Amino acid sequence: VTNSLTREREIDYIDLPAGITIRQATLSDRGALIIQWAPEWPESCFQPGWLRAHDYSNTPLPDDGLRVARHWTAGDIAEPPTTDGRDVLTNDDVLESWLQDLAQYGLARLSNVTPEDGMVAEVVRRIGPIRPTNFGFTYDVKITSNPDSNAYTSMALDSHTDLATREYQPGLQFLHCLENSTTGGAGTMVDGFRVVQDIKTENPDVFETLASLEWTFTNRAVDTDYRWLTPLIIHDRDGQLSELRLTGFLRGPLALPFDKTEAAYNAYRYLMEKVRQPEYRLIFDYRPGDLVAYDNRRILHGREAFSSDKGERWLQGCYSERDELRSRLRVLARNHRA
Ligand code: OGA
Ligand code: ZN
(Lines give C-alpha, C1' and ligand atoms only; values in the text may rest on other atoms or scores of the structure.)
(Ligands and ions follow the chains in the order given, each with its own letter.)
Protein backbone atom coordinates (compact mmCIF):
# COMPACT_ATOMS: atom_id res chain seq x y z
CA VAL A 1 0.00 0.00 0.00
CA THR A 2 1.42 3.30 -1.13
CA ASN A 3 0.67 6.54 0.62
CA SER A 4 -1.13 8.76 -1.86
CA LEU A 5 0.75 11.86 -0.77
CA THR A 6 4.27 10.63 -0.19
CA ARG A 7 4.17 7.87 -2.86
CA GLU A 8 6.21 5.74 -0.54
CA ARG A 9 5.17 2.40 0.92
CA GLU A 10 3.25 2.33 4.16
CA ILE A 11 3.34 -1.41 4.58
CA ASP A 12 6.33 -3.56 3.88
CA TYR A 13 6.25 -7.20 2.79
CA ILE A 14 7.21 -8.38 6.28
CA ASP A 15 4.04 -6.82 7.71
CA LEU A 16 1.91 -9.30 5.75
CA PRO A 17 0.92 -12.51 7.55
CA ALA A 18 3.63 -15.12 6.87
CA GLY A 19 2.47 -17.78 4.39
CA ILE A 20 -0.28 -15.60 2.93
CA THR A 21 -1.95 -17.28 -0.08
CA ILE A 22 -4.31 -16.33 -2.87
CA ARG A 23 -7.92 -17.14 -1.99
CA GLN A 24 -9.40 -15.87 -5.21
CA ALA A 25 -8.10 -14.16 -8.35
CA THR A 26 -10.47 -12.38 -10.73
CA LEU A 27 -10.21 -9.94 -13.61
CA SER A 28 -11.98 -6.62 -13.38
CA ASP A 29 -13.93 -5.44 -16.41
CA ARG A 30 -10.98 -3.13 -17.25
CA GLY A 31 -8.51 -6.01 -17.22
CA ALA A 32 -6.96 -5.47 -13.79
CA LEU A 33 -6.12 -8.50 -11.69
CA ILE A 34 -7.92 -8.51 -8.33
CA ILE A 35 -6.50 -10.75 -5.64
CA GLN A 36 -8.19 -11.78 -2.45
CA TRP A 37 -5.97 -13.15 0.22
CA ALA A 38 -6.09 -15.81 2.90
CA PRO A 39 -5.82 -15.14 5.75
CA GLU A 40 -7.99 -12.06 5.36
CA TRP A 41 -6.11 -9.01 4.10
CA PRO A 42 -7.22 -5.96 2.07
CA GLU A 43 -7.60 -7.00 -1.59
CA SER A 44 -4.95 -6.05 -4.12
CA CYS A 45 -5.45 -4.70 -7.62
CA PHE A 46 -2.74 -4.94 -10.30
CA GLN A 47 -2.99 -3.10 -13.63
CA PRO A 48 -2.01 -5.22 -16.65
CA GLY A 49 0.68 -2.78 -17.83
CA TRP A 50 2.34 -2.90 -14.43
CA LEU A 51 2.21 -6.71 -14.41
CA ARG A 52 3.83 -6.91 -17.84
CA ALA A 53 6.55 -4.43 -16.87
CA HIS A 54 7.43 -6.30 -13.70
CA ASP A 55 6.81 -9.96 -14.56
CA TYR A 56 9.58 -12.42 -13.84
CA SER A 57 10.61 -12.84 -17.49
CA ASN A 58 11.99 -9.32 -17.58
CA THR A 59 15.60 -8.29 -17.63
CA PRO A 60 16.64 -5.87 -14.86
CA LEU A 61 14.86 -2.54 -14.58
CA PRO A 62 15.50 -0.64 -17.80
CA ASP A 63 17.92 2.14 -17.09
CA ASP A 64 17.48 5.24 -19.17
CA GLY A 65 20.71 6.66 -17.84
CA LEU A 66 24.23 5.42 -17.95
CA ARG A 67 23.78 1.94 -19.39
CA VAL A 68 23.03 3.40 -22.80
CA ALA A 69 26.47 4.94 -22.79
CA ARG A 70 28.26 5.35 -26.11
CA HIS A 71 31.94 4.94 -25.58
CA TRP A 72 34.05 7.12 -27.85
CA THR A 73 37.53 7.86 -29.06
CA ALA A 74 38.70 11.31 -30.19
CA GLY A 75 38.11 10.18 -33.78
CA ASP A 76 34.40 9.59 -33.09
CA ILE A 77 33.61 13.10 -31.89
CA ALA A 78 35.57 16.11 -33.10
CA GLU A 79 34.18 18.39 -30.38
CA PRO A 80 32.25 17.86 -27.15
CA PRO A 81 28.59 17.32 -28.16
CA THR A 82 27.15 20.84 -27.92
CA THR A 83 23.77 22.48 -27.30
CA ASP A 84 23.17 26.22 -27.50
CA GLY A 85 22.64 27.03 -23.84
CA ARG A 86 21.45 30.65 -23.94
CA ASP A 87 17.97 29.59 -22.75
CA VAL A 88 18.97 26.70 -20.50
CA LEU A 89 17.52 28.33 -17.37
CA THR A 90 14.04 28.57 -18.86
CA ASN A 91 13.77 26.03 -21.67
CA ASP A 92 13.38 22.34 -20.80
CA ASP A 93 14.12 21.18 -24.35
CA VAL A 94 17.55 22.79 -24.15
CA LEU A 95 18.15 21.20 -20.77
CA GLU A 96 17.05 17.79 -22.01
CA SER A 97 19.12 17.85 -25.17
CA TRP A 98 22.22 18.70 -23.15
CA LEU A 99 21.53 16.06 -20.50
CA GLN A 100 20.84 13.31 -23.02
CA ASP A 101 24.26 13.91 -24.53
CA LEU A 102 25.75 13.89 -21.05
CA ALA A 103 24.13 10.52 -20.25
CA GLN A 104 25.29 8.96 -23.52
CA TYR A 105 28.72 10.40 -24.15
CA GLY A 106 29.55 11.22 -20.55
CA LEU A 107 30.48 14.65 -21.94
CA ALA A 108 28.29 17.49 -23.15
CA ARG A 109 28.78 21.20 -23.60
CA LEU A 110 26.47 24.18 -23.49
CA SER A 111 27.56 27.26 -25.39
CA ASN A 112 26.49 30.87 -24.77
CA VAL A 113 25.77 30.49 -21.06
CA THR A 114 26.14 34.05 -19.69
CA PRO A 115 29.73 34.23 -18.46
CA GLU A 116 28.92 35.49 -14.98
CA ASP A 117 30.01 34.50 -11.53
CA GLY A 118 27.45 32.07 -10.03
CA MET A 119 25.86 31.06 -13.32
CA VAL A 120 27.24 27.51 -13.18
CA ALA A 121 25.44 26.94 -9.88
CA GLU A 122 22.15 28.18 -11.33
CA VAL A 123 22.48 25.88 -14.31
CA VAL A 124 23.40 22.87 -12.21
CA ARG A 125 20.43 23.49 -9.90
CA ARG A 126 18.24 22.96 -12.97
CA ILE A 127 19.39 19.33 -12.73
CA GLY A 128 19.43 18.89 -8.96
CA PRO A 129 21.37 19.68 -5.81
CA ILE A 130 25.02 20.64 -5.95
CA ARG A 131 27.56 18.51 -4.15
CA PRO A 132 29.64 20.78 -1.97
CA THR A 133 33.27 19.94 -1.19
CA ASN A 134 36.08 21.52 0.78
CA PHE A 135 36.58 23.70 -2.33
CA GLY A 136 33.08 25.15 -1.82
CA PHE A 137 29.71 24.87 -3.60
CA THR A 138 31.49 26.27 -6.60
CA TYR A 139 35.18 26.95 -7.04
CA ASP A 140 37.18 29.27 -9.21
CA VAL A 141 39.74 27.66 -11.46
CA LYS A 142 42.21 30.45 -12.01
CA ILE A 143 45.69 31.35 -10.94
CA THR A 144 45.80 32.23 -7.27
CA SER A 145 48.74 33.38 -5.19
CA ASN A 146 48.51 30.61 -2.62
CA PRO A 147 47.08 27.65 -4.58
CA ASP A 148 45.81 24.55 -2.74
CA SER A 149 45.50 22.64 -6.02
CA ASN A 150 47.55 22.29 -9.21
CA ALA A 151 44.36 23.38 -10.97
CA TYR A 152 44.87 26.91 -9.59
CA THR A 153 48.20 27.37 -11.39
CA SER A 154 49.03 27.59 -15.10
CA MET A 155 50.43 24.03 -15.15
CA ALA A 156 49.24 21.38 -17.56
CA LEU A 157 46.96 18.86 -15.88
CA ASP A 158 47.28 15.29 -17.08
CA SER A 159 43.99 13.43 -17.67
CA HIS A 160 42.38 12.75 -14.33
CA THR A 161 39.20 12.34 -12.34
CA ASP A 162 38.49 14.84 -9.57
CA LEU A 163 38.44 13.90 -5.88
CA ALA A 164 39.67 10.32 -6.13
CA THR A 165 40.65 11.04 -2.54
CA ARG A 166 37.01 10.61 -1.40
CA GLU A 167 35.10 7.48 -0.54
CA TYR A 168 32.48 8.64 -3.02
CA GLN A 169 33.92 10.40 -6.02
CA PRO A 170 31.53 13.02 -7.44
CA GLY A 171 29.52 11.66 -10.37
CA LEU A 172 29.27 14.87 -12.36
CA GLN A 173 31.56 17.83 -12.84
CA PHE A 174 30.84 21.15 -14.53
CA LEU A 175 33.29 23.79 -15.73
CA HIS A 176 31.97 27.14 -16.96
CA CYS A 177 34.34 29.42 -18.82
CA LEU A 178 34.04 33.05 -17.72
CA GLU A 179 37.21 34.38 -19.28
CA ASN A 180 39.88 32.96 -21.52
CA SER A 181 42.30 35.45 -23.02
CA THR A 182 45.57 33.68 -22.26
CA THR A 183 47.38 31.50 -24.76
CA GLY A 184 47.22 27.75 -24.29
CA GLY A 185 45.00 26.10 -21.71
CA ALA A 186 43.00 23.95 -24.11
CA GLY A 187 40.75 21.44 -22.41
CA THR A 188 41.24 17.71 -22.86
CA MET A 189 38.78 14.85 -22.39
CA VAL A 190 39.26 11.08 -22.61
CA ASP A 191 36.51 8.50 -22.40
CA GLY A 192 38.10 6.40 -19.69
CA PHE A 193 35.60 3.57 -20.14
CA ARG A 194 36.61 3.27 -23.78
CA VAL A 195 40.28 3.12 -22.81
CA VAL A 196 39.85 0.42 -20.20
CA GLN A 197 37.61 -1.64 -22.47
CA ASP A 198 40.38 -1.59 -25.04
CA ILE A 199 42.89 -2.58 -22.37
CA LYS A 200 40.65 -5.45 -21.32
CA THR A 201 40.74 -6.80 -24.89
CA GLU A 202 44.44 -6.20 -25.50
CA ASN A 203 45.85 -7.10 -22.16
CA PRO A 204 43.52 -8.82 -19.69
CA ASP A 205 46.29 -9.16 -17.09
CA VAL A 206 46.82 -5.41 -16.94
CA PHE A 207 43.08 -4.92 -16.76
CA GLU A 208 42.81 -7.37 -13.89
CA THR A 209 45.65 -5.66 -12.04
CA LEU A 210 44.00 -2.25 -12.44
CA ALA A 211 40.70 -3.63 -11.18
CA SER A 212 42.16 -5.35 -8.13
CA LEU A 213 45.27 -3.71 -6.69
CA GLU A 214 44.64 -0.69 -4.51
CA TRP A 215 46.29 2.70 -4.80
CA THR A 216 46.24 5.51 -2.30
CA PHE A 217 45.00 9.00 -3.11
CA THR A 218 45.69 11.80 -0.67
CA ASN A 219 45.10 15.52 -0.52
CA ARG A 220 46.20 17.64 2.39
CA ALA A 221 45.74 21.32 3.05
CA VAL A 222 45.95 23.43 6.20
CA ASP A 223 42.56 22.31 7.46
CA THR A 224 41.81 19.10 5.52
CA ASP A 225 43.36 15.67 5.16
CA TYR A 226 41.62 13.38 2.68
CA ARG A 227 42.80 9.85 1.91
CA TRP A 228 41.27 6.90 0.13
CA LEU A 229 42.51 3.48 -0.90
CA THR A 230 41.02 2.07 -4.09
CA PRO A 231 41.55 0.09 -7.26
CA LEU A 232 41.66 2.32 -10.36
CA ILE A 233 38.83 0.45 -12.07
CA ILE A 234 35.60 -0.40 -10.27
CA HIS A 235 32.73 -2.60 -11.45
CA ASP A 236 29.16 -2.72 -10.26
CA ARG A 237 27.50 -5.95 -9.16
CA ASP A 238 26.59 -7.07 -12.70
CA GLY A 239 30.19 -6.77 -13.70
CA GLN A 240 29.60 -3.57 -15.68
CA LEU A 241 32.23 -0.86 -15.49
CA SER A 242 31.04 1.72 -13.05
CA GLU A 243 33.96 3.93 -12.15
CA LEU A 244 37.51 4.98 -12.84
CA ARG A 245 39.62 6.67 -10.18
CA LEU A 246 42.73 8.24 -11.46
CA THR A 247 44.39 11.41 -10.25
CA GLY A 248 48.11 11.18 -10.80
CA PHE A 249 48.88 14.39 -8.92
CA LEU A 250 47.07 13.12 -5.81
CA ARG A 251 48.66 9.70 -5.76
CA GLY A 252 50.00 8.76 -2.34
CA PRO A 253 52.65 6.21 -1.44
CA LEU A 254 51.79 2.75 -2.69
CA ALA A 255 50.67 0.51 0.17
CA LEU A 256 50.91 -2.98 -1.29
CA PRO A 257 52.81 -6.14 -0.42
CA PHE A 258 56.21 -5.77 -2.09
CA ASP A 259 55.65 -8.66 -4.51
CA LYS A 260 52.68 -6.81 -6.03
CA THR A 261 54.37 -3.46 -6.58
CA GLU A 262 56.00 -4.19 -9.93
CA ALA A 263 52.75 -5.40 -11.48
CA ALA A 264 50.98 -2.36 -10.05
CA TYR A 265 53.43 0.16 -11.51
CA ASN A 266 53.55 -1.63 -14.86
CA ALA A 267 49.78 -1.61 -15.14
CA TYR A 268 49.64 2.05 -14.13
CA ARG A 269 52.16 2.94 -16.83
CA TYR A 270 50.24 0.93 -19.41
CA LEU A 271 47.03 2.76 -18.53
CA MET A 272 48.56 6.24 -18.53
CA GLU A 273 50.40 5.69 -21.80
CA LYS A 274 47.13 4.77 -23.38
CA VAL A 275 45.25 7.67 -21.81
CA ARG A 276 47.83 10.06 -23.28
CA GLN A 277 47.47 8.72 -26.82
CA PRO A 278 46.01 11.30 -29.23
CA GLU A 279 43.66 8.62 -30.49
CA TYR A 280 41.68 8.88 -27.24
CA ARG A 281 42.25 12.49 -26.27
CA LEU A 282 39.77 15.11 -27.41
CA ILE A 283 41.27 18.62 -27.31
CA PHE A 284 39.06 21.69 -27.44
CA ASP A 285 39.18 25.40 -26.64
CA TYR A 286 37.14 27.04 -23.92
CA ARG A 287 35.25 30.12 -25.11
CA PRO A 288 33.62 32.42 -22.55
CA GLY A 289 30.09 31.09 -22.14
CA ASP A 290 31.03 27.44 -22.68
CA LEU A 291 29.82 25.19 -19.89
CA VAL A 292 31.27 21.71 -20.11
CA ALA A 293 29.70 18.86 -18.14
CA TYR A 294 31.11 15.36 -17.75
CA ASP A 295 30.75 12.14 -15.84
CA ASN A 296 33.65 12.38 -13.41
CA ARG A 297 33.58 8.65 -12.72
CA ARG A 298 34.02 7.80 -16.40
CA ILE A 299 35.63 10.68 -18.29
CA LEU A 300 39.18 11.85 -17.58
CA HIS A 301 39.59 15.59 -17.95
CA GLY A 302 42.70 17.70 -18.15
CA ARG A 303 44.18 20.80 -19.72
CA GLU A 304 47.25 21.98 -21.54
CA ALA A 305 49.52 24.47 -19.82
CA PHE A 306 48.82 28.14 -20.45
CA SER A 307 50.86 31.28 -20.36
CA SER A 308 50.29 33.49 -17.36
CA ASP A 309 52.04 36.52 -18.93
CA LYS A 310 48.99 38.29 -20.21
CA GLY A 311 45.25 37.80 -20.17
CA GLU A 312 43.10 35.87 -17.78
CA ARG A 313 41.81 32.32 -17.67
CA TRP A 314 38.87 31.78 -15.34
CA LEU A 315 36.66 28.72 -15.13
CA GLN A 316 34.08 28.20 -12.44
CA GLY A 317 33.46 24.63 -11.38
CA CYS A 318 30.86 22.65 -9.51
CA TYR A 319 29.95 19.01 -8.77
CA SER A 320 26.77 17.01 -8.65
CA GLU A 321 25.84 13.33 -8.91
CA ARG A 322 24.76 10.79 -11.55
CA ASP A 323 21.54 10.23 -9.57
CA GLU A 324 20.49 13.81 -10.20
CA LEU A 325 21.10 13.48 -13.94
CA ARG A 326 19.05 10.27 -14.18
CA SER A 327 16.26 11.67 -12.05
CA ARG A 328 16.04 14.89 -14.08
CA LEU A 329 16.01 12.97 -17.37
CA ARG A 330 13.14 10.76 -16.14
CA VAL A 331 11.13 13.77 -15.02
CA LEU A 332 11.74 15.54 -18.34
CA ALA A 333 10.60 12.38 -20.18
CA ARG A 334 7.47 12.26 -17.99
CA ASN A 335 6.58 15.72 -19.24
CA HIS A 336 6.61 14.48 -22.86
CA ARG A 337 3.97 11.91 -22.00
CA ALA A 338 1.78 14.37 -20.14
C1 OGA B 1 39.89 21.14 -12.33
C2 OGA B 1 40.52 20.98 -13.64
C3 OGA B 1 40.79 21.91 -15.84
C4 OGA B 1 41.04 23.22 -16.51
O5 OGA B 1 39.70 22.28 -11.90
O6 OGA B 1 39.55 20.11 -11.72
O7 OGA B 1 40.92 19.90 -13.94
O8 OGA B 1 40.82 23.29 -17.72
N9 OGA B 1 40.54 22.06 -14.46
O10 OGA B 1 41.46 24.16 -15.86
ZN1 ZN C 1 40.19 18.39 -12.40
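Predicted model: local features only at pLDDT ≥ 70, side-chain atom pairs only at ≥ 80, totals over all residues.
A polar contact is a pair of N or O atoms within 3.5 Å.

I shall begin with ligand 1. Which residue places a polar side-chain atom 2.7 Å from an oxygen atom of ligand 1? That residue is Arg313. Two further side chains belong in this part of the account. Asp162 has a polar side-chain atom 2.9 Å from an oxygen atom of ligand 1, and for His160 the corresponding distance to an oxygen atom of the ligand is 3.1 Å. Taken on its own, ligand 1 has 290 Å² of accessible area, and the protein covers 97% of it.

Which elements give two or more residues to the shell around the ligand? They are strand 7 (157-160), strand 16 (299-303) and strand 17 (313-320). The residues around ligand 1 include Leu157 and His160, His301 and Arg303, and Arg313 and Leu315. Val141, Ala151, Asp162, Gln173 and Tyr286 are also among them. By class, this shell divides into 5 nonpolar, 3 polar and 3 charged residues.

Let us now consider a pair of helices. The axes of helix 5 (residues 204-212) and helix 6 (residues 258-275) come within 9 Å, and they cross at roughly 110 degrees. Angles of 65 to 115 degrees count as roughly perpendicular, and the two helices are therefore described as roughly perpendicular to each other. On the side of helix 5, the contact is made by Val206, Thr209 and Leu210. Helix 6 contributes Ala263, Ala264, Ala267, Tyr268, Tyr270 and Leu271. In this contact, 8 residues are nonpolar and 1 is polar, while none is charged.

Finally, I draw your attention to two details of the backbone, each in a loop. What kind of peptide bond joins Ala38 and Pro39? The bond is cis, with omega at about -5 degrees. Pro39 belongs to the loop between strand 2 (33-38) and strand 3 (44-46). The second detail concerns Asn112, which is not a glycine and yet has a positive phi of about 60 degrees. Asn112 is located in the loop between strand 5 (107-111) and helix 3 (119-125).

Thank you for your attention.

Note on methods. Residues numbered from 1 in each chain as written. Chains lettered and ligands numbered in written order. Heavy atoms only, no water. Axes fitted to C-alpha atoms, helices over the stretch in contact; angles between N-to-C directions. Helix = DSSP H or I, 4+ residues; strand = E, 2+ residues; numbered from the N terminus. Parallel < 35°, antiparallel > 145°, perpendicular 65-115°, else oblique. Contact = heavy atoms within 4.5 Å. Nonpolar A, V, L, I, M, F, W, Y, C, P; charged D, E, K, R; others polar. Near = heavy atom within 4 Å. Polar contact = N/O pair within 3.5 Å; in protein donor to acceptor, adjacent residues only side chain to side chain. Areas by Shrake-Rupley, 256 points an atom, 1.4 Å probe, with all protein chains shown as cover.
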